[in-house]
Amino acid sequence: MAELSDRQRLALQRQLQELREELNKLLDSSRQVAATVVLDQTKVGRLSRMDALQQQAMAQANRTAYRRRLQKVEAALGAVDSGDYGYCEACGEAIPYARLQIKPESDLCVNCQAHEERGD
Ligand SMILES: [Zn+2]
């Protein structure tokens, strides 16, 4: 598999930096919702409380996903700096540019990712 050109690596680094910024913003803006159950005082009773709790649970789940993705993005940016970016962590093969464009924080090739998801 072809290795990344300097230009491709640079484009992906930029993409990763934007992703990091976006994720940080999402984490910032969702902090409030996740932390407190805001009750709508115009509605009374169980239903509005359940809505609020559901909203909170959703915000917390989203934040967990953002945080996990941010970790991968940070790790990928670190790999760009150390020159290890774009190689599969499991088998060492170069990860295709097309895959990295879709998911620049990928640290596994398609094959190894599939193995991991199957759990073997
Ligand atoms: Zn691999």
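With 15 C-beta neighbours inside 10 Å, Asn62 counts as partly exposed, a class between buried (20 or more other C-beta atoms within 10 Å of the residue's own) and exposed (12 or fewer), with C-beta atoms placed from the backbone. Asn62 sits in helix α2; helices here are DSSP runs of H or I with at least four residues, strands are runs of E with at least two, and both are numbered from the N terminus. Across a sequence separation of 35 residues, Asn62 and Leu27 have C-alpha atoms 8.8 Å apart in space.

The structure is predicted, so local features need pLDDT of at least 70 and side-chain atom pairs count only at pLDDT 80 or more, while totals for chains, interfaces and linings use all residues. Residues are numbered from 1 along each chain as its sequence is written.

The chain contains four helices and zero strands, and its elements run α-α-α-α from the N terminus on. Of the 120 residues in the chain, 11% are buried. Among contacts in the chain with a separation of 6 or more, 59% involve residues 24 or more positions apart, a contact being a pair of C-beta atoms, placed from the backbone, within 7 Å.

Helix α1 has 30 residues and spans 43 Å from its first C-alpha to its last, close to the 44 Å expected at 1.5 Å a residue; the expected span is 1.5 Å times one less than the number of residues. There is a bend of about 35 degrees in α1 at Ser29, taken as the angle between axes fitted to the seven residues ending there and the seven starting there. The buried residues of this helix are Leu12, Leu16 and Leu23.

Once neighbours within four places in sequence are set aside, Leu16 is in contact with Val73, Ala76, Leu77, Pro104 and Glu105.

The loop between α2 and α3 (97-102) holds Glu93, and Asp84 is placed in the loop between α2 and α3 as well. Glu93 is partly exposed because 16 other C-beta atoms lie within 10 Å; for Asp84, 13 other C-beta atoms within 10 Å likewise give a partly exposed residue. Glu93 and Glu3 are 90 residues apart in sequence, yet their C-alpha atoms are 8.9 Å apart in space. For Asp84 and Asp107, a sequence separation of 23 residues goes with a C-alpha to C-alpha distance of 10.0 Å.

Finally, helix α4 (residues 110-118) lies largely in the open, because the number of buried residues among its nine is zero. Gly119 follows α4 and has a positive phi, near 80 degrees.

Technical notes
Contact = placed C-beta atoms within 7 Å.
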